[in-house]
Amino acid sequence: MPFRTRSAYAFLAPYLLVFATFWVWPIINSFLISFQNTRINPWKFSFQANWGRLFYDPAFYNALYNTLIILLIQVPVMIALATVMAVMLNSPLLKARPLFRFAFFAPVVVGEVAYAAVFRLMFSLDFGIINKLISAVGLSPVSWFDNANAAMALIILAVTWRWAGYNAIIILAGLQSIPDDVYEAATLDRVSKVQQFFHITLPLLKPIILFCVVLSVIGTMQLFTEPFLITNRGGPGGGTETLGLLLYRQGFTSLNFGYASAIAYTMAALAVAISLLNLWVGRDPK
């Protein structure tokens with residue numbers, strides 16, 4: 001091996017060692033643990049204890065259902081909203097565009113605990129501003145934290161508020177990479193702005209939008225913070241418990257590390273499968 005190659009690997013060795021210790025080995029070890037019955041001492045190999053349990057555990061199906069509901073509703077709404085926001089931010093008619101870009105990106109910067117506390121206060125039944133506005137128009141206040149459907153809507157709203165601006169900035173970067181000549185030629189051909197959006201902007205943005213969709217799918221499959229902090233650990237009655245929250249409950253509350261590992265790999269497999277499906281659906285026809 002040449003000296004320069006050995007030197008390069010010598011400089012990379014500390015990073016590779018840390019990478020293997022804290023990333024590669026935990027992934028391999030957690031997969032091995034998923035085949036162990038960790039409720040007995042010493043741990044013993046048992047496929048049925050964890051992977052078999054997934055097929056008949058009502059808590060797993062409830063968490064899977066809740067996660068998919070959030071995925072199917074929140075992700076399309078957020079991506080559509082982010083696309084509209086990106087187009088607005090890219091408009092030359094908008095003044096103080098840097099200020100608006102920062103404002104839309106700011107929710108990602110806000111601490112998760114802080115923003116969860118604000119949402120709990122805003123949607124409080126007794127003194128929340130949202131219920132006061134609902135009462136002001138003559139409607140009955142909504143008990144957001146005691147009704148499963150209302151709590152699910154609150155989770156979807158919170159996640160959309162937090163990540164729509166982040167995706168809008170990514171889509172905005174894609175918008176700014178589209179040459180102005182394309183729009184100028186379309187304008188000379190008397191193509192309306194609406195037609196330009198659907199026949200020029202969206203097709204050229206498809207790779208960027210697909211990227212945002214894949215990121216959003218992965219993030220939703222791992223959703224933990226909002227149901228844990230806003231709806232009090234997946235309440236009411238497990239109505240907002242996600243796979244990420246079920247994993248936490250099994251691993252760190254029940255100390256059932258084997259089952260938690262099986263749930264983690266199921267989450268990863270679902271995220272990969274749904275992401276590949278999105279990439280296949282959004283592929284360019286040949």
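Q: How do helices H3 and H11 pack, and what is the distance between their axes?
A: Quick definition first: axes are lines fitted to C-alpha atoms, for helices over the stretch in contact, and angles run from 0 to 180 degrees between N-to-C directions. In this predicted model, H3 covers residues 58-89 and H11 covers residues 243-253. The two pack at an angle of about 145°, and their axes are 8 Å apart.

Q: Which residues of H11 meet H3?
A: By class, this contact holds 6 nonpolar, 1 polar and 1 charged residues. From H3 come Ala-59, Phe-60, Ala-63, Leu-64 and Thr-67. Their partners in H11 are Leu-243, Leu-246 and Arg-249.

Q: Which residues lie closest to the centre of the largest pocket?
A: This pocket holds about 570 Å³ of space, and 16 residues line it. Helices H7, H8 and H9 each give two or more residues to that lining. Closest to the centre are Asn-90, Ser-91, Pro-92, Tyr-183 and Lys-193.

Q: How many charged residues line the largest pocket?
A: Sorted by class, the lining has 6 nonpolar and 6 polar residues. The charged count is 4.

Q: Which helix gives the most to the lining of the second largest pocket?
A: With a volume of about 440 Å³, this pocket is lined by 18 residues. Helices H1, H9, H11 and H12 each supply two or more of them. The top contributor, with 9 residues, is H12.

Technical notes. Residues numbered from 1 in each chain as written. Predicted model: local features only at pLDDT ≥ 70, side-chain atom pairs only at ≥ 80, totals over all residues. Heavy atoms only, no water. Helix = DSSP H or I, 4+ residues; strand = E, 2+ residues; numbered from the N terminus. Contact = heavy atoms within 4.5 Å. Nonpolar A, V, L, I, M, F, W, Y, C, P; charged D, E, K, R; others polar. 1 Å grid on protein atoms, 1.4 Å probe; cavity = no way out; pocket = protein on both sides within 12 Å on 5 of 7 lines; lining within 4 Å. Points joined across faces, edges and corners; volume = space filled by probe spheres on them.
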